[in-house]
Amino acid sequence: MKILYISHTHPPRDQPLENVGGMQSVSMQLVNALQRRKDVELETIILRAPWRRIGLSTTAFLFGLLKRIPEGVRRFDPDVILFSSMVTAGVVPFLRKSVQVPLVSINHGQDVTLPLSIYQWYLPRVFNKLDGVISVSRATREASVKRGMVPEKGVALPNGFDSRYARSLPDREEALKLLKEVLGFEPEDRKILLTVGRLVKRKGHSWFIREVIPKLRTDAEYLVIGDGPEREELVMAKEQSQCGNRITLAGRQPEEVLRAAYAASDLFVMPNIPVPGDMEGFGIVLLEANQAGMPAVASNLEGIRDVIRQGVNGYRVPHEQPEEFAKKVDEVLEGDLKRFSVTARMHVEKHFSWDRVAARYLDFLREVSAHRTVSDK
């Protein structure tokens, strides 16, 4: 199958960690997975720009696609064009008459729910011109239907993970040594709770610090890796907490430190809260934690529901219920973590490896392509 893949916000080649978030990481790993397949011929049109210039760069990139995509179709003759997000697919209404190749977009959550009136006005027009939509979770697919996507056009398929990541993790002692050297993080004999992600309100970090940590029975350290607009709120929550000496706000860290954090920690926590106009489309960090052998306790919200299987790779608990969240964290930390680590890793390897997920993507793309061909006859 010949696929023309269109994506924005990949980091510059000489700055691989410049702007890698969940959506960007997924896009790069999907490209790698497709390139490994013998039944796929892949050509890409990708924007590589530093985060500080991403707004202007994306605007110029999208306008440029109006010329580059038709040129790519004439030269490459793809079976399908795959857009990495609804933002990138925003050019579709302007291409539909000139490009007869099936057009499919992946969507991730916020690229559907973004609370801008003009964007929400335009979104149904994009859905209308697409031939297929891959949503990374059932919750994202439902949000797409609410915004004008014909249900028959869309399918919910998960994100995947790169199995090579787990094989490159350091052992726990080496990881703890690195965290001490770089972050001054010394948990001693305490259990380690880890959160990784952009510091935005829906992630619930400050709520977790204020409401859950004081209720834990287990002597535990909380390590937060990531940066974002809620950082000052987290700093304030830590300063006001009686448990502040057991909370480390590490900010954004390079890949080496992130891998060490995954290798050293005992339990991943994802205490999301509902925020209008925003949503957790999938939660790729849950897969990263699981493949590192770390189970998770997370809020029973949105795309998280598609990742965690109760008692297998973690637990979902009702959102904004601090007693329930603390009780489940204590239960896991006091239980058989070694067994839970094994089942968590086995679960994601079985259901979420990129080789498996990419095959499901291709099945859908072939179906869309065949349907478009039949319709054109």
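What pLDDT does the protein chain average? I found an average of 90, with 92% of the residues scoring at least 70; pLDDT is the predictor's confidence in each residue, from 0 to 100. Over residues 14-20 I noted a pLDDT below 50, and this stretch has 23 contacts in the model beyond near neighbours in sequence (contact means heavy atoms within 4.5 Å).

Ground rules for my notes: this is a predicted model, where local features need pLDDT of at least 70 and side-chain atom pairs count only at pLDDT 80 or more, while totals for chains, interfaces and linings use all residues. Residues are numbered from 1 along each chain as its sequence is written, and side-chain values use heavy atoms, leaving out hydrogens and water.

I looked up the second largest pocket and read a volume of about 380 Å³. My terms come from a 1 Å grid over the protein atoms alone: a pocket is an open set of points with protein on both sides within 12 Å along at least five of seven lines, a cavity is a set where a 1.4 Å probe fits but cannot get out, and lining residues have an atom within 4 Å of a point. Points are joined across faces, edges and corners, and a volume is the space filled by probe spheres set on them.

This pocket has 17 lining residues, and Leu 62, Gly 90, Val 91, Phe 94 and Tyr 122 are the closest to its centre. Helix 2 (54-76) and helix 5 (117-129) are the elements giving two or more residues to the lining, and helix 5 gives the most, with six. Helices (H or I, at least four residues) and strands (E, at least two) are DSSP runs, numbered from the N terminus.

I sorted the lining by class and got 15 nonpolar, two polar and no charged residues. Here Ala, Val, Leu, Ile, Met, Phe, Trp, Tyr, Cys and Pro count as nonpolar, Asp, Glu, Lys and Arg as charged, and the others, Gly among them, as polar.

**Cavity entry.** How many cavities of 30 Å³ or more does a search of the whole structure find? I got two. The second largest cavity has a volume of about 40 Å³. Its lining includes Thr 195, Lys 203, His 205 and Pro 271. Strand 7 (191-196) and strand 10 (267-270) each supply at least two lining residues. By class, I read five nonpolar, three polar and one charged.
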